Amino acid sequence: MNESDVIRDEGEAAVPRWYAIQCKGGESFRATENLVNQGFEVFHPVLEVQKKRRGKLTWVVEPLFPYYLFIRLDRLVSNWRPIRSTRGVLKLVSFGETPIAVDDALVETLREKGSERDQDANLYFHAGEAVQITDGPFKELQAVFESHKGEERAIVLLNLLHRQQRLEMPVANLRRN
């Protein structure tokens with residue numbers, strides 16, 4: 001992208017704005033790393049999720065938007081040229097030939113929500129949360145999550161015979177209601 005590709009609005013000061021970048025499939029982490037190495041300010045919202053891998057639950061970091069990330073650029077000062085040839089980058093999201101700025105408030109909200117989520121990233125279920133048992137002899141029954149017992153086991157409270165019974169079971173056999 002050269003200077004003529006960027007529309008200059010005389011009323012708009014040279015203020016850095018956030019823009020969306022579309023990444024090649026599965027390469028948003030690579031694009032982020034390469035853009036940061038080039039000195040760009042990049043925001044790549046991610047979330048930590050628990051997935052079953054080789055029969056075990058493990059924490060995996062995944063992009064919130066799998067094919068997109070945000071980059072902060074000044075329309076007048078920033079060098080936009082290296083962006084399109086950066087490994088992992090497909091293109092700058094544009095309307096016609098004009099890159100579209102993303103609302104700063106949206107990016108700020110995503111940043112705030114991401115930092116809030118990180119505080120609880122070590123817990124998949126929370127004490128007192130309603131869960132459903134998905135496998136085993138109590139399949140389809142409702143329970144209340146009580147606590148973790150190691151990484152793969154959980155203690156739940158199940159109403160049996162009008163009393164809450166504590167049961168230990170694999171975390172993989174539970175899901176949120």
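Contact here means heavy atoms within 4.5 Å. The model is predicted: local features need pLDDT of at least 70, side-chain atom pairs count only at pLDDT 80 or more, and totals for chains, interfaces and linings use all residues. Residues are numbered from 1 along each chain as its sequence is written, and side-chain values use heavy atoms, without hydrogens or water.

**View 1. The whole chain.** Three helices and 14 strands make up the chain's elements (DSSP runs numbered from the N terminus; helices are H or I, at least four residues, and strands E, at least two). Among contacts with a separation of 6 or more, 59% join residues 24 or more positions apart. Of 177 residues, 32% count as buried (under 20% relative accessible area, with exposed over 50% and partly exposed in between; 1.4 Å probe, protein chains only).

**View 2. The largest nonpolar core.** This core holds 14 residues (buried Ala, Val, Leu, Ile, Met, Phe, Trp, Tyr and Cys joined through side-chain atoms within 4.5 Å). β1 (16–23), α1 (28–37), β5 (68–74) and β6 (89–92) each give two or more residues. I21, L35, F40 and I71 are among those with the most contacts inside it. Beyond four places in sequence, I71 touches residues including W18, I21, L35, F40, I83 and L92. Another core, of 12 residues, lies apart and includes F125 and L167.

**View 3. The surroundings of T86.** T86 sits in the loop between α2 (81–84) and β6. T86 is buried, at 5% relative accessible area. Its side chain makes a polar contact with the side chain of Q38 (2.9 Å) (N or O atoms within 3.5 Å, one able to donate a hydrogen and the other to accept it; residues adjacent in sequence count only if both atoms are side-chain atoms). Leaving aside neighbours within four places, T86 also contacts A31, N34 and L35.
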